[in-house]
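Thank you all for making the time this morning. I would like to walk you through one structure, and I ask that you keep the sequence and the coordinates in view while I talk.

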Amino acid sequence: MSEIPDFPSITVPDQAASDRAAELRSALPQGFGMPPRALGRLENLGTWIAACQGHTPPRSLENVSLLVVSAEHGVAQREPAISTFSPGFAADVREAIESGSSPLVSTARSMDVAVSFIDATSPLTSTENSADRPASGEVDHEDALTSEQLEDCLNYGREIADKHADEGTQLLTLGEASRGLTTVCAAIIGTVCRLEPVKTVGRGSGIDDHAWRTKTAIIRDAQFRVRDDRQDALLILRRIGGADLAVMTGILAQAAVRRTPVLVDGLGTITAALCAQLISPGASAWWQVATAGSEPAISPALKVLHMEPLLGLQLGTGQGLGALLALPMLRHAVDALRHEGASPQS
């Protein structure tokens with residue numbers, strides 16, 4: 001078993017606040033034109049936010065942040081064909097986000113969402129030059145991270161979650177932008193869910209048949225390396241994960257500790273969620289899945305997490321775009337409970 005300290009125990013969202021919100025929803029005046037159950041899953045989203053906040057009716061979601069987490073993966077550097085993205089993909093995404101030229105940023109601005117690019121390798125290097133970011137180990141034959149690096153990345157994720165909780169962030173949305181990440185995620189999900197590589201490998205960024213075979217072999221060999229450690233998420237992260245997945249795992253687990261709800265989006269964040277739930281049982285009660293994408297590994301991961309995506313858009317862009325698109329759903333679900341005459345209760 002891993003020697004990394006355990007995360008604190010998880011407190012479940014406030015069921016009493018959820019029940020009060022459900023009662024409030026049922027009591028909406030007829031003139032609103034929204035009889036009970038007319039809003040489908042939105043009704044559950046409204047009560048979920050109320051439970052996370054411990055307040056009925058739930059407070060409007062005004063302080064929302066999107067975190068786009070990125071790192072380098074050694075297998076993508078060694079086998080560039082497994083991704084159609086250029087070696088400078090992460091640097092390009094960072095520049096587009098920080099300069100404000102990315103369409104993601106303009107969409108976020110229209111929703112009053114703050115966007116941050118998170119370099120997951122920051123705890124591992126003192127340089128600010130993105131070209132010098134250390135890549136994870138080539139997971140098909142060596143460990144992705146050392147024990148010290150894993151601890152540093154998990155703690156970095158914890159610090160990020162704590163910072164947002166301290167600043168009063170009401171909802172975190174989480175995305176990723178890493179070249180080769182789908183390969184690593186397929187290996188982790190295949191390991192945890194006991195699936196053969198052909199059941200989890202996908203086309204990722206749009207690779208050809210030759211690259212698909214190379215990718216499948218990498219996943220096979222990576223899974224073989226952790227075949228006896230299927231339930232030790234920390235060991236799996238260290239041996240066949242990477243800095244981005246470790247940081248996102250830290251963010252998700254600590255956000256649950258700090259009672260901050262999170263919208264996760266896409267294969268990378270769902271893989272981190274799978275690891276975080278294994279490390280901190282009960283943490284998934286604080287998350288919703290915005291979109292799932294089209295990668296084959298996603299479905300078995302969601303089945304283990306007992307979660308269902310809010311949107312079925314089959315997005316493959318990553319970077320949290322699906323979370324931004326799902327955000328209006330949550331805001332509407334909250335607004336439906338904040339009708340005139342509602343009686344706030346703590």
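I will take the salt bridges, then the pocket, and then the cysteines.

Please keep in mind throughout that this is a predicted model.

Let me begin with the charged side chains, where a search of the whole structure returns 14 salt bridges. One of them is formed by the side chains of D119 and R94, with a nitrogen-to-oxygen distance of 3.8 Å. D119 belongs to strand β3, which covers residues 113–119, while R94 belongs to helix α4, residues 89–99, so this pair ties together parts that are 25 residues apart in sequence.

Another salt bridge involves E167 and K163, whose side chains meet at 3.1 Å, N to O. Here E167 has a relative accessibility of 47% and is partly exposed, and K163, at 46%, is partly exposed as well. D209 and R203 also form a salt bridge, with their closest N and O atoms 2.8 Å apart; D209 is partly exposed at 45% relative accessible area, and R203 is partly exposed at 37%. Beyond these pairs, salt bridges that share partners link R78, E79, E138 and D140 into one network.

Turning now to the pocket, what is the volume of the largest pocket? The value computed for the largest pocket is about 410 Å³. Its lining consists of 30 residues, and those closest to the centre are E176, T182, G316, T317 and G318. If you want to find the lining on the fold, look at α7 (181–193), α12 (267–279) and α14 (321–335), each of which supplies at least two lining residues; the largest share, 3 residues, comes from α7. By residue class, the lining of this pocket divides into 15 polar, 11 nonpolar and 4 charged residues.

Finally, the cysteines: how many disulfides does a search of the whole structure find? The search finds 0 disulfides. Taking C153 as a case, this residue is in no disulfide, and the nearest cysteine sulfur, which belongs to C275, lies 13 Å away. C153 is buried, since its relative accessible area is 0%, and C52, at 7% relative accessibility, also counts as buried.

Key: Residues are numbered from 1 along each chain as its sequence is written. This is a predicted model: local features need pLDDT of at least 70, side-chain atom pairs count only at pLDDT 80 or more; totals for chains, interfaces and linings use all residues. Side-chain values use heavy atoms; hydrogens and water are left out. A disulfide is a pair of cysteine sulfur atoms within 2.5 Å. Buried means under 20% relative accessible area, exposed over 50%, partly exposed in between (1.4 Å probe, protein chains only). On a 1 Å grid over the protein atoms alone, a cavity is a set of points where a 1.4 Å probe fits but cannot get out, and a pocket is an open set with protein on both sides within 12 Å along at least five of seven lines; lining residues have an atom within 4 Å of a point. Grid points are joined across faces, edges and corners, and a volume is the space filled by probe spheres set on the points. Helices (H or I, at least four residues) and strands (E, at least two) are DSSP runs, numbered from the N terminus. Ala, Val, Leu, Ile, Met, Phe, Trp, Tyr, Cys and Pro count as nonpolar, Asp, Glu, Lys and Arg as charged, and the others, Gly among them, as polar. A salt bridge is a side-chain nitrogen of Lys or Arg within 4 Å of a carboxyl oxygen of Asp or Glu.
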